[in-house]
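Subject: Structure for you to look over

Dear colleague,

I am passing on the structure we talked about, together with some notes on what turned up when it was examined. Please have it open beside you as you read.

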Amino acid sequence: MRVTLLGTGDTTGTPTVGCDCDTCREAHERGIERTRFSVHVENERTDESLLVDFSPDFRHQFLTQEVPLPDEALVTHIHFDHLDGLGNVYRLLDDLDVHATDEVDPVTGESVADTIRSKFDYLDRIAVEDQTPFESFRACGFDVTFVPVVHPPLVCYGVAIEDPETGAKLSLSGDSTYAIPAESRDVLRGPDLLLAEAIVPASVCEYHPIGGDDYDEDGVARTFGTKHMTREGAIALGEDLDADVTRLVHVAHYYPPEEAFEDPLAVDGEVYEL
């Protein structure tokens, strides 16, 4: 399993357009970029590749990273920075199976799979495949399982991707608070690589209107507001899941420049062989 981090940024990416903060200036000076979130997973046994989420930066990512176009894809939720790049496959692919959950969201009145069908009905070369949370399915030779996480007000899912022959395992937290349900954690547990969302350091919670949540025994917030994990929460999640390696993704530009590009925060283009 060859994992390439195509996009490791949050909804605005780093550098952020029109921003002259110290972190964005540092990113410009160092030639570092965090585009909107997407992960490429190649099955070297079957010569197939699976894409997790369609970044609006799809074109840029596939032009700058040495990875093949996907054979199949997953969508974790319907926020634009994870879905709207799907339109980029127009005229690039003859066919593409897109896997998404069938659970109806009480806010939208439709499932993630249904939203993709309605929003991209003009893409007649894609086939949206309904998948049920906690029920594994096969994609690109991998066993894949969607699990519910916590990203209000919409439904959102983490993902476990495992090679049934080698046992290599990749887990993704999805966009979530630290309060991922125990049943979902059990599916994500024991990965060779965990990609955990960590939008900001816990210190930034003081600037959020409702602060933080899911405090640890030292009073450190593991959740930022109501929708995302802090760096400290993501690291704690990796420890709880017994991950061999944890890399922090969906990173915003609110990290101080001296911390923004240090381990375990990921940047675009990182490659892992599992």
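A cavity here is a set of grid points where a 1.4 Å probe fits but cannot get out, and a residue is said to line a cavity if it has an atom within 4 Å of one of those points. Please keep in mind throughout that this is a predicted model.

With that in hand, the structure holds two cavities of 30 Å³ or more. The largest has a volume of about 70 Å³, and its lining consists of Phe37, Asp53, Thr76, His82, Leu172, Ser173, Gly174, Asp175, Leu195, Glu197, Val249 and His250.

His82 has a relative accessibility of 1% and counts as buried, because the cut-off for buried is under 20%. Setting aside residues up to four places away in sequence, His82 touches Phe37, Asp53, Phe54, Thr76, His77, Asp175 and His250.

The second largest cavity has a volume of about 30 Å³ and is lined by Ile78, Asp105, Thr108, Glu110, Ser111, Val112, Thr115, Leu154 and Val155. Here the lining divides into four nonpolar, three polar and two charged residues. Thr108, one of these lining residues, belongs to the loop between strand S5 (96-101) and helix H4 (112-119), and with a relative accessible area of 34% it is partly exposed. When residues up to four places away in sequence are not counted, Thr108 touches Ile78 and Leu154. The C-alpha atoms of Thr108 and Asp81 are separated by 18 Å, and these two residues are 27 apart along the chain.

Turning to the chain as a whole, its secondary structure comes to six helices and 16 strands. The radius of gyration is 17 Å, close to the 19 Å that the globule rule gives for 274 residues, so the chain is as compact as a globular protein of that length. Along the principal axes, the C-alpha atoms fill a box of roughly 45 × 40 × 40 Å. Of the 274 residues, 56% count as buried, and among contacts with a separation of 6 or more, 64% are accounted for by residues 24 or more positions apart. The chain exposes about 11,400 Å², of which carbon and sulfur atoms supply 46%.

Helix H6 (residues 231-240) has as its buried residues Arg231, Gly233, Ala234, Ala236, Leu237 and Gly238. These pack against helix H5 (182-188) and against strands S11 (193-197), S13 (221-224), S14 (228-229) and S15 (245-249). After H6 comes Asp242, which lies in the loop between H6 and S15 and has a positive phi near 55° although it is a residue other than glycine.

Pro201, in the loop between S11 and strand S12 (212-215), counts as buried at 0% relative accessibility. Leaving out residues up to four places away in sequence, Pro201 touches Thr230, Arg231, Glu232, Tyr254, Tyr255 and Pro256, and its C-alpha atom is separated by 9.5 Å from that of Val251, 50 residues apart along the chain. Thr23, in helix H1 (residues 22-30), counts as buried at 4% relative accessibility. Apart from its neighbours within four places in sequence, Thr23 is in contact with His253, Tyr255, Pro256, Pro257, Ala260 and Phe261.

Finally, some points about the backbone. A cis peptide bond with omega of about 0° joins Thr14 and Pro15, and Pro15 lies in the loop between strand S1 (2-7) and H1. The peptide bond from Pro152 to Pro153 is also cis, with omega near 10°, and Pro153 is placed in the loop between strand S8 (142-148) and strand S9 (157-162). Phe134, which is not a glycine, has a positive phi of about 75°; Phe134 is found in the loop between strand S6 (126-131) and strand S7 (137-139), and it counts as partly exposed at 31% relative accessibility.

With best wishes

Conventions. Residues numbered from 1 in each chain as written. Predicted model: local features only at pLDDT ≥ 70, side-chain atom pairs only at ≥ 80, totals over all residues. Heavy atoms only, no water. 1 Å grid on protein atoms, 1.4 Å probe; cavity = no way out; pocket = protein on both sides within 12 Å on 5 of 7 lines; lining within 4 Å. Points joined across faces, edges and corners; volume = space filled by probe spheres on them. Nonpolar A, V, L, I, M, F, W, Y, C, P; charged D, E, K, R; others polar. Helix = DSSP H or I, 4+ residues; strand = E, 2+ residues; numbered from the N terminus. Rg over C-alpha atoms; globule rule 2.2 N^0.38 Å. Buried < 20%, exposed > 50% of the residue type's maximum accessible area, 1.4 Å probe, protein only. Contact = heavy atoms within 4.5 Å. Areas by Shrake-Rupley, 256 points an atom, 1.4 Å probe, with all protein chains shown as cover.
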